[in-house]
Amino acid sequence: AGPLALARDLLAEGGEPFFVLNSDVICEFPFAALAHFHRQHGGEGSLVVTRVEEPAKYGVVVSEADTGRICRFVEKPRVFVSNKINAGLYIFSPGILQRIQVGIRGLGWARMGGPGPPAQPCVLSPQLRPTSIEKEIFPAMAQEGQLYAMELQGFWMDIGQPKDFLTGMCMYLQALRAQHPEKLHSGPGVVGNVLVDPSAKIGTNCIIGPNVTIGAGVVVEDGVRIKRCTLLKGARIRSHSWLESCIVGWSCSVGQWVRMENVTVLGEDVIVNDELYLNGANVLPHKSIAESVPEPRIIM
């Protein structure tokens with residue numbers, strides 16, 4: 001909750017509700033529907049929930065079926081109480097900012113020059129007390145009847161881990177196929193759902209897909225095979241390389257006749273030399289890889 005307090009003045013300006021999102025989730029982001037739902041119930045906060053098959057793994061949300069008003073939160077229930085979990089999308093009215101406490105970092109003493117009263121204590125600077133919005137703010141709002149849940153329609157995925165990021169990417173591309181197929185790439189050598197930035201360049205005799213996203217300025221040379229991968233802005237894949245289940249970071253260079261698989265992740269500006277094999281390697285930014293990585297490991 002601390003970042004909300006730091007932005008208190010900006011968020012409170014105008015008195016309008018504002019969105020808050022977890023950065024590690026992917027879905028169809030129903031902003032318009034969430035804003036409408038929030039205005040309709042008139043409470044202080046709204047959160048999006050999604051159904052899961054194994055609620056015992058999560059903290060679940062218990063809410064009224066007809067209104068969506070949240071009654072309570074239950075952490076990893078041993079008996080079934082709900083199969084809805086917090087999806088990490090919120091809209092709040094500015095009143096929530098008053099719930100985040102600000103303490104005092106320290107006291108100083110101040111007195112204007114010249115004769116006058118003795119020095120008086122003054123606050124040097126405010127200090128934000130560590131506050132969990134999920135564990136402290138939300139339960140209090142629910143107890144006061146000020147927090148409501150809207151159920152998400154469509155797909156949802158926590159993409160905080162690389163393997164889950166790739167799964168979420170596949171789900172997003174499938175949703176794009178169903179709703180906006182014209183945005184997907186097509187042509188010779190394209191298999192299944194593939195999303196390509198218009199500025200990317202793909203050589204001849206390549207097979208791309210299924211489930212591939214190619215970012216701005218990416219160059220894929222001739223004879224490359226790519227499936228279930230994300231290539232971020234400025235990456236270059238040289239000729240005759242083979243990539244499956246990989247995340248290639250910004251401005252990376254993958255050499256010729258390279259094979260990468262098993263959730264290999266390259267950080268920004270990584271160079272992979274020619275004719276190497278990377279199996280589940282997690283490479284930190286600005287590294288140069290000169291030998292194969294036959295077993296999964298982190299390269300620092």
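Reader: How much of residues 1-100 is helix, and how much is strand?
Author: Residues 1-100 are 21% helix and 34% strand (DSSP runs: H or I, at least four residues, for helices; E, at least two, for strands). The end C-alpha atoms of that stretch are 7 Å apart. This is a predicted model: local features need pLDDT of at least 70, side-chain atom pairs need 80 or more, and totals for chains, interfaces and linings use all residues. Numbering runs from 1 along each chain as its sequence is written, and side-chain values use heavy atoms, without hydrogens or water.

Reader: What does UniProt call residues 1-100?
Author: An unreviewed UniProt entry gives "domain: Nucleotidyl transferase". Such annotations may be inferred rather than shown by experiment.

Reader: And what about 190-299?
Author: There the unreviewed entry has "domain: Mannose-1-phosphate guanyltransferase C-terminal". That stretch is 0% helix and 45% strand. Its end C-alpha atoms are 32 Å apart.

Reader: Switching to β1. Which residues are on its covered face?
Author: Phe18 and Val20. Phe19 and Leu21 are on the uncovered face of β1, which spans residues 18-21.

Reader: Which strand pairs with β1, parallel or antiparallel?
Author: Strand β6, residues 84-92, pairs with β1 in the antiparallel sense over 4 bridges (pairing takes at least two DSSP bridges).

Reader: Which β6 residue partners valine 20?
Author: Tyrosine 90 is the bridge partner.

Reader: Now phenylalanine 31. Where is it?
Author: Phenylalanine 31 is in helix α3, residues 31-41.

Reader: Why is phenylalanine 31 called partly exposed?
Author: Because its relative accessible area is 35%. Buried is under 20%, exposed over 50%, partly exposed in between (1.4 Å probe, protein chains only).
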